[in-house]
Protein chains: 2
Amino acid sequence: MGLFGGIEAGGTKFVCAVGTGPDDLRAVESIATTTPDETIERVAAFFRRQPEQPAAIGIGSFGPVDLMRGVITSTPKPGWRNTPLASRIRDLLGVPVAFDTDVNAAALAEHRWGAARGLDTFIYLTVGTGIGGGAMVGGKLLHGLIHPEMGHIRIPHDLARDPYMGTCPFHGDCLEGLAAGPALERRWGVRGSDLPPEHPAWALEAHYLALGLSSLVCTLSPERIILGGGVMQNDWLFPRVARELQAVLNGYVQAPQVLDQIDQYVVPPLLGGRAGVLGCIALGEGAL
Amino acid sequence: MGLFGGIEAGGTKFVCAVGTGPDDLRAVESIATTTPDETIERVAAFFRRQPEQPAAIGIGSFGPVDLMRGVITSTPKPGWRNTPLASRIRDLLGVPVAFDTDVNAAALAEHRWGAARGLDTFIYLTVGTGIGGGAMVGGKLLHGLIHPEMGHIRIPHDLARDPYMGTCPFHGDCLEGLAAGPALERRWGVRGSDLPPEHPAWALEAHYLALGLSSLVCTLSPERIILGGGVMQNDWLFPRVARELQAVLNGYVQAPQVLDQIDQYVVPPLLGGRAGVLGCIALGEGAL
């Protein structure tokens, strides 16, 4: 049935791979995100170099994107606004191309090979430079009008506890504005990775993430929540977010998964940092 | 193909009907919600009185509910906790019974006959004694782990503008706690229906609803939002909520429906107060 290609298109790097799944990744390469022309040409060169060409390619892209047209739309990333990524890859490589958000791709991979196997409705949320969410509902990736932008949900912000006004250029103190990596860094004056586990930054971070997750739980009723991204590399953060989520929900959602098994409810991606590009390979397979 | 029965099970009244759709409702009756035994017996009596018996019955219930078992679970409504509503109706009337939330039933009716015809992914939110949300995603009603409880999402609460702490016994100032009918009444000391359109209560109400809707938009990416319930009987509230939603989203969701056609994006139910019981009839049809 052949090989598939994956392109996890990020604002910092494009991760390209060919293979058929986590146990069969034949090549993986990271390409720095520079201009669209240069980046896309280097991506195409990666695939042309492979001994066996992929039968189709999946792209999981940073956004916002127009999924119907395969275009990166209103990104603040210089030069990338209105880039028709899907059609350019299709034209350069002459294979079918599937296009979705980076987080939906990661959700797809975790559903097929990772922490969401057998589930019908779940969320994959990445907490890093930004916050983004993908979701599967009823066994299908959630798209809707455009696509979810879960990082931009609003959460309560107690200015007495945290006077930092948030980083989001659109909303100030939305979830991403208060809890993504840059908010940690600007609020505390050091990079998140330099904040020790006992620093009060993390109690606040867990609280904000829990407030956001509680609204996601009350809206989508997921069977599980997978948290990826750079900030969640701190594995000791998981039990704190989970306990805080229980506290915020306060017994309202009467499901044993939330009440009694919260540590299996809020989990890291089983595929780790490879979830995104593996999901792109799965998207590629679906493009055929 | 026969008749179907619908039971819209509410905390104040049970609305029962037989028919096949909005143009063929043969009988509709409201029964006050008293004890489970008395209420269920009167519901059964309504159906037994009909000249033609329904081939199946759909129930759309207040909650929280266990959809798999057809049981009302942790309601604060006295006497109703752990009521196996679906099996009791099935046993009394001997027909197949489908069971869902009241708001999912309303969403189903609006999809089939109302304001969501042809849509794939949308939200039906009721704003009345409580706030509840149903949704269709990819053409199917959203269930997930339990079912959505959209009224309980958290929103920013500016205590300087509004010191009222909210009515929700679980969360205080969640969306329902700040914006359902009882919050209006307790905050201002008069019933919402007695607050004139120019009262500042309504600017605050529109703001809270818009904050909630913005998070729902960023999570589910609905193609349309239908707002029902007693509070939304005030039709002049729709344009205020819609404008405020645009202000809160602040241009981030780049869809013409949100940017340019907001008055067709946030709309009342076309079926009005009949959406719930008509949806139950549609659920009943699906039970066969």
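Predicted model: local features only at pLDDT ≥ 70, side-chain atom pairs only at ≥ 80, totals over all residues.
Let me begin with one pair of side chains, those of A:Glu29 and A:Arg49, which meet in a salt bridge with 2.8 Å from N to O, a salt bridge being a side-chain nitrogen of Lys or Arg within 4 Å of a carboxyl oxygen of Asp or Glu. A:Glu29 lies in strand 3 (residues 24–32) of chain A and A:Arg49 in helix 1 (residues 36–49) of chain A, so the pair ties together parts that are 20 residues apart in sequence; helices (H or I, at least four residues) and strands (E, at least two) are DSSP runs numbered from the N terminus. Over all chains, the structure holds 18 salt bridges.

Residues are numbered from 1 along each chain as its sequence is written, chains are lettered from A and ligands numbered from 1 in the order in which they are written, and side-chain values use heavy atoms, with hydrogens and water left out.

Now to the two copies. Chain A can be laid on chain B with an RMSD of 0.0 Å by a turn of 180° and a shift of 0.0 Å along the axis, and the two copies are thus related as by a two-fold rotation axis; the superposition is by least squares on the C-alpha atoms of residues with pLDDT of at least 70 in both. Which C-alpha of chain A is nearest the axis? That of A:Pro156, which is 2.0 Å from the axis.

The same surface serves both copies, since 100% of the contact residues of chain A recur in chain B, where contact means heavy atoms within 4.5 Å. In numbers, 43 residues of chain A are in contact with 43 residues of chain B. About 3,600 Å² is buried between chain A and chain B, with carbon and sulfur atoms giving 63% of that area; buried area is the accessible area (1.4 Å probe) that two parts lose on being put together, summed over both.

How many salt bridges does the rule find across the interface of chain A and chain B? The rule finds 0 there, whereas the count of residue pairs in polar contact between chain A and chain B, both at pLDDT 80 or more, is 24. A polar contact is a pair of N or O atoms within 3.5 Å; within protein, one must be able to donate a hydrogen and the other to accept it, and residues adjacent in sequence count only if both atoms are side-chain atoms.

On the side of chain A that touches chain B, helix 6 (200–220), helix 7 (237–249) and helix 8 (256–259) of chain A each supply at least two residues, and helix 6 of chain A gives the most, with 7 residues. By class, that side of chain A has 23 nonpolar, 16 polar and 4 charged residues, with Ala, Val, Leu, Ile, Met, Phe, Trp, Tyr, Cys and Pro counted as nonpolar, Asp, Glu, Lys and Arg as charged, and the others, Gly among them, as polar.

Within chain A there is a division into domain 1 (4–102 + 273–287) and domain 2 (115–268), with bounds that come from an automatic or database domain assignment. The C-alpha centres of these two domains of chain A lie 26 Å apart, and 6 residues of domain 1 of chain A are in contact with 5 residues of domain 2 of chain A. Between them, the two domains of chain A bury about 500 Å², 62% of it on carbon and sulfur atoms.

Finally, some backbone details. The peptide bond from A:Gly63 to A:Pro64 is cis, with omega near 0°, and A:Pro64 lies in the loop between strand 4 (56–61) and strand 5 (65–66) of chain A. A:Asn250, in the loop between helix 7 and helix 8 of chain A, has a phi near 55°, a positive value in a residue other than glycine.
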